[in-house]
Each structure stands twice: as C-alpha cells, then as structure tokens.
Amino acid sequence: MTDHQYKILVVDDEPDIREAVIKYLQKRYPAKFLEASDGKIAVGLTRMEKPDVILLDIRMPVMSGWDVIREVRKDNQDVRIIVITGRGDFTVEEETLVVKMVDCFLIKPICPTEIHDAIIKVLGPDFVKTGLDFDQIVPGKGRPAGRELVHAINNAHAQVVTKCETFVR
C-alpha cells in the first residue's frame, strides 16, 4: 500500500445518511473523510481537498449531483465518482453523463457490500484494511456497522431492503 492518504468525500443532503456512510467507511478504509450537505459545498471541497473518491447523491438542494459531476470534471479528471441515488429514471443527457463521467453507479436502497465493491472497483483491493468484516461493531451504538448503514439509508428513503435481508432483522 502507498503512503498516500486517500481522501473520500461523502455528499448527501441527508445528515443521517452521510453519518452512517462515513462511520461504515471509517471502519474499513484508511482514509481521510470529508462531507458535504449540498453540491456547491462539494465542488468547493473538491477544489480545495482534491479527494480521490466522491460518493455523490444526485437529488440535492443548491446544486444537483449532475451539476457537481460537470463542475468537478472540468477541474479534475482523476477523481473517482460513485453515484448513490434513489432515482433510476434518467434523461438521455443524464445517461451520457453516467457513461462518460461516473466510475460507479448505485441505486438506493443499497447494501454495505455494494459500497465496499464500488470502493474496491475504483481504488483497488489493496486499499481495504484487513481483518474487518461487515459485522464490525460501531463503538457506542451496539449494532453492526452494516446494519446501521442499511437502516439509515433505507429509513431516510422509506424503502424496504430486499437485496440485503441478512443485514436487516
């Protein structure tokens, strides 16, 4: 593994989702975590901090995820963008953005394993800390990190998890 400290920016207008995603990722990845509650803040942080990966929601106030992608790609072709959205119906222009400018695309509800797989896809397998699994306990919470992430994402979107039944009891 390199001495470079990776930076991961989590962008979502829902604080519970940002918090759950960051807590989950902190247990698995040796990185500095940044967060933004809207697209304008995300663009500013991207220019200042130059993250390696952006986990990006699409529907947000101030500036949409689509606009963030356009702005970020003007300045930084190297950053890896993982879109996490609750929406699956896109215009032709949006589909083109996904194909040309996004490294990975996930549709909510999502499992922790999907985020893990996306991170591995964009940064490679050597990035992952060893010895941790999806049932790692989050200090002070008493619940596994994987379940916490699934609950936070799905409660925020009032959806039932079907793909991740092993994480939801």
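Predicted model: local features only at pLDDT ≥ 70, side-chain atom pairs only at ≥ 80, totals over all residues.
**Stop one: Asp 12**

Start by selecting Asp 12, which you will find in the loop that links strand 1 (6-11) to helix 1 (15-28). Is Asp 12 buried or exposed? Its relative accessibility is 4%, so Asp 12 counts as buried; the cut-off for that label is under 20%.

A polar atom of the Asp 12 side chain sits 2.9 Å from the backbone nitrogen of Glu 14. Next, bring up Lys 108: its side chain and that of Asp 12 make a polar contact at 3.3 Å.

To see who else is there, select Ile 17, Arg 18, Ala 36, Ser 37, Asp 57 and Met 60. These residues, along with Lys 108, touch Asp 12 when residues up to four places away in sequence are left out.

**Stop two: helix 2 and helix 3**

Move on to helix 2 (residues 39-49) and helix 3 (residues 65-75), whose axes come within 10 Å and cross at roughly 15°. Because angles under 35 degrees count as roughly parallel, helix 2 is roughly parallel to helix 3. The crossing of the two is right-handed.

Which residues make the contact? On helix 2, select Gly 39, Ala 42, Val 43, Thr 46 and Arg 47; on helix 3, pick Val 68, Glu 71, Val 72 and Asp 75. Colour this contact by class and you will have 4 nonpolar, 2 polar and 3 charged residues.

Definitions and conventions. Residues numbered from 1 in each chain as written. Heavy atoms only, no water. Helix = DSSP H or I, 4+ residues; strand = E, 2+ residues; numbered from the N terminus. Buried < 20%, exposed > 50% of the residue type's maximum accessible area, 1.4 Å probe, protein only. Polar contact = N/O pair within 3.5 Å; in protein donor to acceptor, adjacent residues only side chain to side chain. Contact = heavy atoms within 4.5 Å. Axes fitted to C-alpha atoms, helices over the stretch in contact; angles between N-to-C directions. Parallel < 35°, antiparallel > 145°, perpendicular 65-115°, else oblique. Left-handed = near helix turned anticlockwise from the far one by under 90°. Nonpolar A, V, L, I, M, F, W, Y, C, P; charged D, E, K, R; others polar.
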